[in-house]
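I opened the model to look up its metal sites and its surface. My notes follow.

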Amino acid sequence: MSDDLSRDTLAEAQAARLRKVWATPRGWRYWSAVNNTEVGIWYIVTSFGFFLFAGVLALIVRAQLAVPQNDLVSPEFYNQAFTLHGTMMMFLFAVPIFEAVAILLLPQMLAARDLPFPRLSAFGFWCFLIGGSFVAGSIFFDAAPASGWFMYPSLATNKDLAGIGADIWLLGLSFIEVASIAAAVELIVGVLKCRPPGMRIHLMPLYCWYVLIVAGMILFAFPPLIAGDILFELQRMFDWPFFDPDRGGDPVLWQHLFWIFGHPEVYIIFLPSIALMAMIVPTFSQVPITGYGWIVLAAVGTGFLSFGLWAHHMYTTGLPALSLGFFSAASEAVAIPTGVQIFVFIATMATGRVIFSVPMLFAAGALAVFVFGGLTGVMVALAPFDWQAHDTHFVVAHLHYTLIGGMLLPLIAGLYYFFPFATKRMLSARLGTWAFWLIFTGFNITFLPMHFTGLRGMPRRVFTYPAGHGWDWLNLISTFGAYIMAIGVLVVVVDVVRALRHGPPAPRNPWNAGTLEWTVETTDENWGVRSVPQISSRYPLWDQPGVLDEMDRGQGYLPDAAAGKRETLITGVLDATPEQVQRLPANSFRPLAAAIFIGTCFIAATFEWWWLAAAGGIIGIGVILGWLWTGTARPPEAATMDAGRGLTLPLYASGPRSVGWWAMCITMVGDATAFISLIFGYFFYWTIHAEFPPPQATGPGLVWPAIAAATGLAAWAAVLAARHANRTGRVAMARLALMAGAGLTIASIAAGAAAILTTGLDPVVHVYDATVWVLVIWTALHLAAGVLMQLYCLARSLAGHMTPVHDIDIQNVTLYWHFAGVTLAVTMAVIGLFPLASG
Amino acid sequence: MLTRPDRATIVTLLAPPTVWALHFLTAYILAAIACAKGWDPGSVRLVIAAATAAALVFIALAARAAHRHTGFTADTPPHDDPTRGARMRQMGAATFLVAALSFVAVIFTSLPAVFIPDCR
Ligand code: HEM
Ligand SMILES: [Cu+2]
């Protein structure tokens with residue numbers, strides 16, 4: 001009996017220590033929080049706020065279109081309203097809400113204390129808030145982008161037609177895209193490395209599969225857009241002619257880069273919502289999902305195939321029919337995995353006894369709407385039909401059926417489902433039912449008629465229209481429906497605001513779900529889980545009866561925070577065998593500061609205030625270096641620690657066993673994708689021109705590119721040598737190699753600069769010159785970052801943070817250099833050798 | 001790696017759709033260049049046919065390996081035991097499905113080259 005008592009006091013002491021370590025800061029320090037429970041909520045609230053804002057814009061658009069020859073708003077304002085509506089819905093709501101929900105849910109679903117890079121999540125959030133407010137706020141200054149959400153040149157590149165709004169779009173969104181990629185890195189590493197022991201890859205919740213696939217898609221979809229944004233901005237600010245046919249450019253290149261992003265984007269939006277359904281449907285059917293393997297197929301299959309569809313947005317640009325054929329075929333093929341997901345849900349519902357509840361109502365409504373949108377999708381995927389329907393309201397109808405059925409309705413289902421998880425309170429079933437029917441009928445009344453206005457030839461993006469084309473009453477009905485739908489959304493908002501204060505307290509696991517996120521406690525505990533369980537089922541709460549109790553009593557892994565540090569468990573990718581205890585950084589204002597300064601850099605660049613931009617950038621980089629220096633790769637006070645249940649694990653691991661290495665590798669994949677997009681640009685110009693480089697062009701010659709390549713590759717070798725020397729204990733040697741590497745890199749940058757400066761290439765004259773400049777600048781910036789990293793490692797070594805045993809820094813820097821080195825080699829080969837081959 | 005009976009990983013899962021992606025890019029880029037530069041469409045179609053055959057063979061091999069990982073139906077899905085073997089059978093089953101989809105998608109992609117004879 002006294003044994004029990006001492007065990008209880010021990011558990012109490014452990015819990016107290018955990019509570020202290022994971023406490024949320026109070027007062028103004030609250031905003032230094034980096035824990036997923038805070039950042040996730042901020043993220044969700046912010047993106048939902050942007051959704052409401054964009055919704056109001058849609059209502060204005062609809063009001064303007066209610067009757068023919070309406071003059072409610074000016075054409076200028078109209079253009080800004082619908083452009084900002086589309087832009088915000090896609091970039092400030094649909095993608096961020098995925099990241100927000102995943103950041104909030106994933107750790108608990110994986111019984112992890114937090115994702116591996118909490119400060120990165122916080123940084124991503126602050127970037128999103130700053131960039132998003134900047135883009136959204138522009139409409140109050142009559143400066144919002146007004147060229148449509150896909151910003152086609154040559155209208156959008158023209159400074160007189162598209163004023164500063166276009167720059168706001170390009171720079172504001174590029175800034176946010178960086179945040180999206182940061183979140184993607186965090187989520188991938190989180191799913192692969194932070195699962196609880198025993199949660200083998202075939203036992204992880206389907207939501208995790210979707211997160212993995214979607215985050216992977218972001219890595220391949222966003223970088224082409226970033227590359228496009230760079231070219232676009234260079235044209236607008238410095239008159240480099242990438243999209244100007246008179247000087248060898250071509251607006252279609254923008255369309256390629258935009259839609260290589262833009263089509264997968266639709267699936268990046270759609271899959272996470274389907275993932276929510278994959279959690280909701282089994283719970284309310286009270287049976288495991290039918291066909292786990294089929295869902296994996298569907299997620300992987302859709303993820304891949306959706307990249308083969310981009311040109312179906314370009315059917316009318318005059319591409320050869322053969323090219324269009326490939327895209328049409330792929331567009332039809334993607335219907336297969338999409339259909340599979342729908343059938344799996346239906347099959348699951350059929351095997352269980354479905355409990356109808358508000359989340360299920362929204363889920364069922366989503367299926368119906370989405371299937372209808374999918375049918376019109378198959379129609380517009382056929383080129384001849386699209387030639388008729390292109391840029392009419394038929395397309396507006398189709399895209400909203402898929403987006404609202406595929407994304408918004410499942411998301412609201414998720415809101416009702418996960419609200420008790422996030423707030424410990426329940427939403428009202430009665431208001432929820434009202435909201436559903438208002439939104440569902442309002443939505444159909446709005447968008448169904450648009451199919452007909454579209455087929456009757458009403459173009460999209462027109463500010464008004466003449467009477468007597470048979471469009472009048474259809475438009476009036478649409479507008480009427482939009483306001484019904486808005487009332488429905490309002491009911492949801494009212495319900496949420498009311499429930500935050502007065503909603504009935506939620507019991508633990510209110511829906512009797514089977515997955516780990518529902519182990520969340522009903523009191524405010526920030527530690528994620530009291531202790532980490534051993535998993536042996538896909539639905540632990542259904543199949544492992546004692547597991548919850550065990551976790552709560554601190555009998556799992558990591559029941560304590562003896563060192564006073566935040567810790568989480570790192571496990572193997574396939575079988576989730578425990579590998580390491582990862583120390584997580586604590587709360588800090590550094591991510592916020594970094595976001596403010598980097599944001600200043602982007603925003604100042606919009607107004608061409610170059611000094612401010614430079615200052616912001618430099619200080620921002622300084623803050624990030626400080627953050628890395630204090631927060632990452634710290635040698636621990638002991639080599640191993642007791643992780644509970646008799647397991648002793650290392651506290652430090654470098655190379656492929658460290659999460660930082662994975663993050664670097666994944667980031668570099670995105671970086672390489674952006675680079676390939678730029679190279680794609682070079683060869684794109686080569687295909688459209690009879691001769692490229694053009695005969696009168698001078699080109700960078702061979703000598704300078706060769707010198708740049710030789711010195712740069714030598715620098716790469718120096719980094720490798722430094723890593724090896726450090727590993728084998730020859731620390732002085734390693735430091736020397738790092739210094740030599742930095743010198744060689746600087747020489748390489750100088751040779752690259754000479755290649756474009758001394759050989760008569762003028763980026764304003766012809767697109768060939770401009771493309772070579774861009775490639776060289778891109779490479780030089782990477783080498784410059786490489787120098788910074790070499791010097792950082794040197795400093796770490798001198799300060800004693802980097803030792804032969806503790807070598808995370810140099811391992812990650814070497815990995816970076818592999819990518820930088822290949823970038824350099826490819827650039828120099830393309831600009832130096834290709835003119836010889838084609839000339 | 002694909003035929004090692006004891007390995008079913010994320011890499012083997014992603015291999016078939018990656019082949020689809022490469023095949024797609026080959027076909028698209030080749031056709032785009034051929035049409036822009038006025039190359040002979042006949043030989044381009046031959047290259048696409050060869051690429052299609054190669055892709056299909058590879059995917060078929062991957063599917064066979066994956067099918068082996070499923071344990072030759074010795075055991076039916078859902079393979080949700082907490083064991084290494086069930087994990088492999090599950091991954092094998094998913095890979096097999098993904099391979100089947102990739103197979104169909106490669107055929108889809110190559111059909112335009114069969115039916116559309118020139119660059120109009
Ligand atoms: C809340 C109800 C909504 C209404 C009433 C609405 C209404 C509209 C209308 C009338 C247009 C056409 C503007 C024009 O062509 O002149 C439009 C465009 C668009 N909407 Fe929505 N929308 C809604 C929700 C959404 C959602 C949830 C998304 C995405 C997640 C979305 C994404 C878009 C996009 C991308 C465009 C194209 C913008 C462009 O052409 O540049 N909308 N919307
Ligand atoms: Cu598309």
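I count as donors N, O and S atoms within 2.8 Å of the metal (3.2 Å for Na, K and Ca), and sites may look incomplete because water is not among the atoms. The model is predicted, so local features need pLDDT of at least 70 and side-chain atom pairs pLDDT 80 or more, while totals for chains, interfaces and linings use all residues. Residues are numbered from 1 along each chain, chains are lettered from A and ligands numbered from 1 as written, and side-chain values use heavy atoms without hydrogens or water.

**Iron, ligand 1.** I looked up the protein donors and found His85(A) (NE2) and His400(A) (NE2), lying 2.0 Å from the iron atom. His85(A) sits in helix H3 (residues 75–109) of chain A and His400(A) in helix H13 (residues 393–423) of chain A, 315 residues apart. Helices here are DSSP runs (H or I, at least four residues), numbered from the N terminus. Both His85(A) and His400(A) are buried. Buried is under 20% relative accessible area, exposed over 50%, partly exposed in between (1.4 Å probe, protein chains only).

**Copper, ligand 2.** I found His263(A) (ND1), His312(A) (NE2) and His313(A) (NE2) coordinating the copper ion at 1.6 to 2.0 Å. The spacing of these donor residues reads H-x48-H-H. His263(A) lies in helix H7 (residues 251–285) of chain A, and His313(A) in the loop between helix H8 (292–305) and helix H9 (321–333), so the pair ties together parts 50 residues apart in sequence. Buried or partly exposed: which is His263(A)? His263(A) is buried, at 6% relative accessible area. His313(A) is partly exposed, at 22%.

Key:
Helices (H or I, at least four residues) and strands (E, at least two) are DSSP runs, numbered from the N terminus.
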